[in-house]
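Morning, everyone. Please bring up the model on your screens.

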Amino acid sequence: MTEAMHLVLIIEDDQAIQHVLRMLFEGNAFRVVVAQSAAQGEHYARLHRPDIVIVDLGLPDRDGLTVIAAIRLWSPVPILVLSARAVEAQRLAAFDQGADDYVGKPFSAPELIARVRAASRRHVRGDLPMGRLELGEIVVDLGRRVAHHRDKGEIRLTPTEHRILETLTRHRERIVKHADIIKEVWGPTRGDARSLRVYIRSLRGKLEKDPCRPQHILTELGVGYRLVVNCDSAVEE
Ligand code: CA
């Protein structure tokens, strides 16, 4: 797919920002559809099937977070939040609803385009596994980004934990090197081995029966990690 075919849906009520975004995306060979409200945004997402959605959180009819949640129920389309709300809790809430990235206002045009391209690439490469992942008593729904324990119920994964799990899932049953996970989860210039270890520990705490003796997220000493799924859902080597 060439970028000229990419359709971006912008859900934003501020006309000045709409104008700037339209110029920016059209200037970068995207097609653009603009929605003025949450309701119109959800409608256009179904009608136009965009390749990427940019959503403002402060919309006139409803909070933009509800738009993210509504679209996520049926579509894995990349969603970027563009918002003046800089509070950490708001950013986390957006990721919890299924946003792929968060860009603050005022924004830098080159940065926004770079992030949109990165999100599109991840998506077009099929990097968002949509299936079910069985890890012992736990079933992870990768498309909806939720995990369920047979007895304990829903398990919440942070966006970073989820991305690490997605990365391991794409290469499941195979060793994934530390540097490759870091590059896929945080990008080429961010992230480090220490953060990765912290997140792996936290993932094991949530997904392993005995986090000290992991059965699914295995350490390959000095190299990386390997995801082992239940026998019945394992991929043959
Ligand atoms: Ca607004």
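Threonine 169 is buried, at 7% relative accessible area. Buried here means under 20% relative accessible area, exposed means over 50%, and partly exposed is in between, with a 1.4 Å probe and protein chains only. Threonine 169 is in helix H6. Helices are DSSP runs of H or I with at least four residues, strands are E runs of at least two, and both are numbered from the N terminus. What does the side chain of threonine 169 reach? One of its polar atoms lies 2.6 Å from the backbone oxygen of leucine 165. That is a polar contact, and the cut-off is a pair of N or O atoms within 3.5 Å; within protein, one must be able to donate a hydrogen and the other to accept it, and residues adjacent in sequence count only if both atoms are side-chain atoms.

Some ground rules. This is a predicted model, where local features need pLDDT of at least 70 and side-chain atom pairs count only at pLDDT 80 or more, while totals for chains, interfaces and linings use all residues. Residues are numbered from 1 along each chain as its sequence is written, and side-chain values use heavy atoms, with hydrogens and water left out.

Stay in H6. Glutamate 166 lies in this helix too. Glutamate 166 counts as buried, at 5% relative accessibility.

Now the packing. In soluble globular proteins, nonpolar side chains tend to be buried together. How many residues does the largest nonpolar core have here? It has 24, and Ile164, Leu168 and Leu207 have the most contacts inside it. By nonpolar core I mean a set of buried Ala, Val, Leu, Ile, Met, Phe, Trp, Tyr and Cys residues joined through side-chain atoms within 4.5 Å. At least two residues of this core come from each of strand E6 (132–135), strand E7 (138–141), helix H6 (159–170), helix H7 (178–186), helix H8 (193–207) and strand E12 (224–227). Take isoleucine 164. Setting aside neighbours within four places in sequence, isoleucine 164 is in contact with Ile181, Val185, Trp186, Leu196, Tyr199, Ile200 and Leu203. Contact means heavy atoms within 4.5 Å. A second, separate core has 23 residues, including Leu7, Ile11, Leu59 and Val81.

Next, the strands. E3 is covered on both faces. Ile52 and Ile54 are buried on one side, Val53 and Val55 on the other. In a regular strand the side chains alternate between the two faces of the sheet. E1 pairs with E3 in the parallel sense, over four bridges. Pairing requires at least two DSSP bridges between the strands. Isoleucine 11 stands opposite valine 55 in E3. E3 also pairs with strand E4 (residues 79–83), again parallel, over three bridges. There, valine 53 stands opposite isoleucine 79 in E4. E3, H3 and E4 form a right-handed β-α-β unit. Right-handed means that, with the strands pointing away from the viewer, the path from the first strand over the helix to the second runs clockwise.

On to the metal. Which residues coordinate the calcium ion? Asp13 (OD), Asp56 (OD) and Gly58 (O) do, at 2.2 to 2.4 Å. Aspartate 13 lies in the loop between strand E1 (7–11) and H1, and aspartate 56 in the loop between E3 and helix H3 (64–72), so the pair ties together parts that are 43 residues apart in sequence. Donors are N, O and S atoms within 2.8 Å of the metal, or 3.2 Å for Na, K and Ca; water is not among the atoms, so sites may look incomplete. Aspartate 13 is partly exposed at 31%, whereas aspartate 56 is buried at 5%.

Last, the backbone. Most residues other than glycine have a negative phi, and most peptide bonds are trans. Alanine 29 has a positive phi of about 65 degrees. Alanine 29 sits in the loop between helix H1 (15–27) and strand E2 (31–35). At 39% relative accessibility, alanine 29 is partly exposed. Arginine 49 has a positive phi too, near 45 degrees. Its loop runs between helix H2 (38–48) and strand E3 (52–55). Arginine 49 is exposed, at 52%. A cis peptide bond joins lysine 105 and proline 106, with omega about -5 degrees.
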